Amino acid sequence: MNFDFSDDQKMLKEQAHKFLSEKCTPKTVRAVYESGKTHDAALWKQIGELGWAGAAIPEEFGGLGLGYLELCVIVEELGRALAPVPFSSTVCQFAEALIVSGSNEQKSRLLPKVAAAEIIGTLARTEGPGAILPKNIRTTFKGGKLSGKKTAVGDGMDAHFAVVLVRASDEPGERALQLVLVDLSQPGVTRRAQDSIDPSRARAELTFDNVPAEPLGKQGEAWSDLNRVLDRAAILMAFEQVGGADTCLQMARAYAMDRYAFGRPIASFQAIKHKLADMYVNTELARSNAYYGAWALSTGARELPLAAAAARISATQAFDYAAKESIQTHGGVGFTWEYDCHFYYKRARELSLALGAQRVWKDKLVTQLELSNAA
Amino acid sequence: MNFDFSDDQKMLKEQAHKFLSEKCTPKTVRAVYESGKTHDAALWKQIGELGWAGAAIPEEFGGLGLGYLELCVIVEELGRALAPVPFSSTVCQFAEALIVSGSNEQKSRLLPKVAAAEIIGTLARTEGPGAILPKNIRTTFKGGKLSGKKTAVGDGMDAHFAVVLVRASDEPGERALQLVLVDLSQPGVTRRAQDSIDPSRARAELTFDNVPAEPLGKQGEAWSDLNRVLDRAAILMAFEQVGGADTCLQMARAYAMDRYAFGRPIASFQAIKHKLADMYVNTELARSNAYYGAWALSTGARELPLAAAAARISATQAFDYAAKESIQTHGGVGFTWEYDCHFYYKRARELSLALGAQRVWKDKLVTQLELSNAA
Amino acid sequence: MDFEDSPEEAKFRKEARAWLDANAKLKTTNTDAGELKETEDKTTLTAAKAWQAKKAEKGYARLTWPKEVGGLGGTPMQQVVFHQEEARYDVAPSGPFNIGLGMCIPTVMAYGSKESIARYVKPALRGDEIWCQLFSEPAGGSDVAALRTRAEKDGDDWVINGSKVWTTGAQFSDYGIVLTRTDPNAPKHKGLTMFYLSMKSPGVEVKPIKQASGASGFNEVFFTDVRIPDAQRLGEVGQGWQVALTTLMHERLAVGGGTGGMLDVPQLLQLARELDLEDGPAIKNAAVREKLADWYVRSAGLKYTTYRTMTALSRGQQPGPEASIAKIVVAPKLQDLSAFAMELEGEAGALTGSDALDDGAFQLAWLNAPGLRIAGGTDEILRNIIAERVLGLPPDIRVDKNVPFNKAPTGR
Amino acid sequence: MDFEDSPEEAKFRKEARAWLDANAKLKTTNTDAGELKETEDKTTLTAAKAWQAKKAEKGYARLTWPKEVGGLGGTPMQQVVFHQEEARYDVAPSGPFNIGLGMCIPTVMAYGSKESIARYVKPALRGDEIWCQLFSEPAGGSDVAALRTRAEKDGDDWVINGSKVWTTGAQFSDYGIVLTRTDPNAPKHKGLTMFYLSMKSPGVEVKPIKQASGASGFNEVFFTDVRIPDAQRLGEVGQGWQVALTTLMHERLAVGGGTGGMLDVPQLLQLARELDLEDGPAIKNAAVREKLADWYVRSAGLKYTTYRTMTALSRGQQPGPEASIAKIVVAPKLQDLSAFAMELEGEAGALTGSDALDDGAFQLAWLNAPGLRIAGGTDEILRNIIAERVLGLPPDIRVDKNVPFNKAPTGR
């Protein structure tokens, strides 16, 4: 049995932790919130220099080619530090879309820039509230030109490139869909900043007016490709969520030990002790599910879709619970702007919505159970 | 504002409470469990003499004609005492079926016997696990003869009469259904005792082989009639559930105050205090919803279906929680046969299933909200 | 059992309606004006004071108070009836005066001198002067009595130093009642003394507290050598906690009751009707329907619990303990329900404000919910209160009882 | 990261498999034989003893024990591997011996005389003699150390009077270790002394405890003037609690781990496939699917947590605290999941045994779930343990700490 990260991977995690505890403190997050900036450009640049963005990108495409297990431990630390950088959108989503659907030429052209964090990329799926279904996709791709509107696009104000889900023909259902790769610096692209739950993961509305774009992968395979990308992103971002949940637990624990009421640390009251114990249990379960996802992702196992859904659901539940009960443990100061709790509360919700709602993943999971018949 | 029972109704409740705390102790319930009997015949007889079974039955049909508010307070006390008598099946279900669908002749013939608790009646709907839908009803009624099989019939071994949901024609859907009234003493009726969660509410399988029976209400209206009966029974039995939940809270409270661990009553530990507080909150909410149901039932308000669903869901949740957490509060002794906790745990589940599962009532409730548009 | 007024209530409702018709217009929309942020803006405040004054002339400002002090000597149920009727009209909020009239002035009336009663009650009733309550401190939190703000005797005066927190309305208040520690060597509850003071006194500084939502509904108040005469003492020296208890009892009720105008099942039902999920309209989704039902029975249960409480009032009885459950039901439900709504919206649910569905009402509710679970008693404190006061369970073990306050463990 | 054996593990697995092939048949069905009720029947017990003896000859009965006492001096991971392999074969349960070999005999080995070790270890290992653990008492419960069973010195003997409860396997045990109070004037933990004794001693009476389900998995054991020589003392007089702590540590792990063969998501999935609900097949119902997913991620999370623990063992490290979460996840889930299954079945879900779907497996699980939430540490105690031992939070305040046991509050 060898179901844990290797010593080298743990060392990499430790290095990432050390770097971020110096370069990405809660002050860093607060600065982004209060400056009105969308992310910390300097930190993003350093992350590029460290090669983290390319950890899982093959060397032939300019990455370090370390592998996904290495990327997972890095993402966990980014999540722990609430790093205000476009890592998830660029590395966990955009890059994975290229890896899943991109041609060699497309990969060679863009992955090296991702690996160096020279570009920011994003994935644009949503056109409005509710379900994302083939029939709801109105953005069109005709004669190489992209037209339409996407909303709530992650890091949409900063992204240089986007992978966009579009309708490429009038056929019904999935067959009409296509993923396209678009350079957002072109004329015809209009961006509008949108207010969102987590300003350090700013979202934007992108309008396309006959913008030249290139197909990414085959028409008709876009829907299944997209779901493969989402599965892979779900596993990576589950580590981000586990990291966040773990920080909430540690913050709540530290505060409860330090805070005295009625002559005792509030950590000595069962209401607090049992709350923190539940946080711990949820986070451990989420961590174990995330590990299984990491294994599936790193080996390309056929269990990947099931592992991805389980990792995401478990991590989302753990982070949501830890973030809100950390505020509760802090009491009055917990919901003030001055304390950091609300950054995590907002990030937890942001990450829960980023790759689609819980119900979608729960449905996916049970579908996989029905297929595998091995719950 | 006059949203509470009257002083007279409260006095009646007090009398019922006094009577039952003498005549129906936990020992009475235990005796039924351990004797292998299905109910306490002597207690049932006394309840008949007190006229409780006829509290809401009009005087013209041999009842006291007091009204439904009076019946509600009596049922709450029966629930509180876990009375091992066929009151719910006979009074809350069978009698209500007669009142909703019966002809004057049928009412005159049977309601007086119900009021005197001279007969036991029941409602036979279920033919197997899962949903009860028109298409699933295979029991037939042709040429005045009843044939087929019903399962998990409440008090089925003791009932003298049953109201049975049957298929009276080959039309599709509800139109084929009919409620029929059948005398179970006739040849062709076979009863088989079934093991069930709550032996003091014994269930049985009833097989009908060409048994003469009479229509109750109109064919085609059976389905809506049945739902009206279930709504009315749900409100009455919500009081039974609230009574049971309240006893669980009182038992758990008394034990927690009396039981010392680590040199203190376990009632002084927040884990127990907050558990009991939650029991209290759930039970108060359930009580208030039940009151609203009582008002709707006693006035025949058009809000009755919504009130019934809310009362039932709320009361089921309160009793389920109180029963299981009362065991938890008792610790080791809580799940022994020797202590009484398990009687309530089992009764809570029995009552939750008796009138159909939670999901059915939740769906009903939302349907009502959609209609009323006044959530 | 019914929802009808008693004859007296019906009669009073008629009077109240007549007066309201004569002095205000019926609401056209169904918005709740009771929000604190609104009262921060000056014009609303001016309007509020004007409306308050009108009500005061008629005795409606606090109609349960005796006539001598400007009330009508009315019943609590008449108060309820008036609020029900007033809520139907498009009038300025009475929020800014609730704390003063609900907590501070009753304390002044109970413990103040004839002179101070004569001086302060009427202006407060008319809304000319607004009062705030200065109890909570950074060091206190749920343990209110652990406050550290010192009041030291200096001749006939007292000199106050320290700071208070979570003070609602301090930014527009003229006066406040302040709980101070006058004897640090006495056990926690025994060394306290209550005063009232002008918020305009030299050395009083008010700073708004920015919340996670970005808005500010509370303040910090700092006291630097604030000098007040002994005549502004309420109750005996060292008896401050007894004085405060009455006040606090009112607060729990006030906050506990203040759950109107909140997002709830109707808004979620509406959302479910508008949204399409993967398997069709959200309102047809079994999981959504179960959630709607679960939350509805809690909201309805609470609504009818309130009716039971009103009935007790209407029958001239003490309301039962069921009143204490409101906030513990409402606050967690709001947090879960609003998060669920965001999940229904999907990725677009991360948008807020004008970019979001319903102008981000669910998102805003979700941002405010944590505060609601804490302000006026955390979920945990409220469970303790229900366990101890309603169910009569033993209090938590107190290690700081009978210990001099300055010797009690603080971890420092 | 993978699920493969290390070379050593692979090698050992091969050996174990070869031995098992030579001595047992592979399972045909997938039933879990570890149930206690089965071991109550004599034939199963005889078979269990025979199989245990076979394993003992090879050193597989407790292969982590040193060779001198009949083990193989193997690693914990080899123990895990052997259990994995053994579980694939149709062999008699080892349940009856787990408590003796897991808790009692290690205590004897740690505190017993050379003679007693020489006398008792081997027969227990071979299953010739079965041991039980006699700690819990009616007055104790979660507060184990509050036990009252007295042991009084009489010459060279001790005379034991009192009673124990929740004793697993007492009905077929030959010996037991018993924790007694030898000094009621000392504080709770200080007045205890541990002994071992023959369950056949005069004055020992075993009575089964009937549970809510009607079955009996535990016993009460009564001691009336049971006389045992001082030579059967384990550890010093008054040191009983220290002796017991090792034993208890093992118990938590044992019970915590014992969650195999339980109803879980696969069975519920199967049920959902078979049942039709109002809106079609249960498996298509969104609310059912969400429940399946919620419970699946907890089961899977626990499974992979166990893999992490095994990995630590495999790497020769101490397993992390994550092992302590098993029961707190499994027990409430079993209670909720089984109740949910009954709800799916509707009114027919109230039937049990042969009249119910799947022979009432869900109904039986629901009847047993409350016991699982309590036995071997209640949900509440386990949360305390996680909070204190894993997160390092302060213990609950102890009012009975340095109080003489017979002066400690009992409410009597």
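## Where chain C meets chain B

The contact between chain C and chain B takes 39 residues from chain C and 38 residues from chain B, in what is a predicted model throughout. On the chain C side, at least two residues each are supplied by α8 (265–274), α9 (286–314), α10 and α12, and the largest share, 17 residues, comes from α9(C). Sorted by class, the residues that chain C turns to chain B comprise 25 nonpolar, five polar and nine charged.

C:Leu292 belongs to the largest nonpolar core, which holds 510 residues, and is listed with A:Leu276, B:Leu276, B:Ala310 and D:Leu292 as touching the most other members. Once its neighbours within four places in sequence are set aside, C:Leu292 is in contact with B:Val366 and B:Leu369 in chain B, and with C:Val265, C:Leu268, C:Leu269 and C:Ala272 in its own chain.

## Where chain C meets chain A

Toward chain A, 47 residues of chain C are in contact with 44 residues of chain A. The elements of chain C that give two or more residues to this side are β9 (276–277), α10 (326–345), α11 (361–372) and α12 (379–390), and α10(C) gives the most, with five residues. The class count for the side of chain C that touches chain A is 20 nonpolar, 13 polar and 14 charged residues.

## Chain C as a whole

Chain C contains 12 helices and 10 strands, and its C-alpha atoms fill a box of roughly 75 × 55 × 45 Å along the principal axes. For 412 residues, a compact globule would have a radius of gyration near 22 Å, and the 23 Å of chain C agrees with that expectation. Of these 412 residues, 47% count as buried, while among the contacts in chain C with a separation of 6 or more, 71% are accounted for by residues 24 or more positions apart.

## A covered strand in chain C

Strand β4 of chain C, residues 175–181, is mostly covered, with seven of its seven residues buried. In a regular strand the side chains alternate between the two faces of the sheet. In β4(C), C:Tyr175, C:Ile177, C:Leu179 and C:Arg181 point one way, C:Gly176, C:Val178 and C:Thr180 point the other way, and the residues of both sets are all buried.

β4(C) has pairing partners in β1(C) and β5(C). With strand β1 (residues 131–134) of chain C the pairing is parallel and runs over four bridges, and here C:Trp131 stands opposite C:Tyr175. With strand β5 (residues 192–198) of chain C the pairing is antiparallel and runs over seven bridges, C:Thr193 in β5(C) being the bridge partner of C:Thr180.

## A related pairing in chain A

β1(A) pairs in the parallel sense over four bridges with strand β4 (residues 161–167) of chain A, and within β4(A) the residue opposite A:Gly121 is A:Phe161.

## Helix α6 of chain B

Helix α6 of chain B, residues 104–115, has 12 residues and reaches 16 Å from its first C-alpha to its last, close to the 16 Å expected at 1.5 Å a residue. Its buried residues include B:Lys107 and B:Lys113 along with B:Leu110, B:Leu111, B:Val114 and B:Ala115. The buried residues of α6(B) pack against α5 (87–101), β1 (121–124) and β4 (161–167) of chain B. Just after the helix, B:Ala117 takes a positive phi of about 55 degrees.

## Positive phi at two aspartates

B:Asp155 has a positive phi of about 50 degrees although it is not a glycine, and C:Asp359 likewise has a positive phi of about 50 degrees without being a glycine. B:Asp155 is placed in the loop between β3 (145–154) and β4 of chain B, whereas C:Asp359 is found in the loop between α10 and α11 of chain C.

Are these aspartates buried or exposed? B:Asp155 counts as buried because it has 25 C-beta neighbours inside 10 Å, where 20 or more are required. C:Asp359 has 12 other C-beta atoms within 10 Å and is therefore exposed, the limit for that class being 12 or fewer.

Key
Residues numbered from 1 in each chain as written. Chains lettered and ligands numbered in written order. Predicted model: local features only at pLDDT ≥ 70, side-chain atom pairs only at ≥ 80, totals over all residues. Contact = placed C-beta atoms within 7 Å. Nonpolar A, V, L, I, M, F, W, Y, C, P; charged D, E, K, R; others polar. Pairing = 2+ DSSP bridges. Expected span 1.5 Å × (residues − 1). Rg over C-alpha atoms; globule rule 2.2 N^0.38 Å. Core = buried A, V, L, I, M, F, W, Y, C linked by C-beta atoms within 7 Å.
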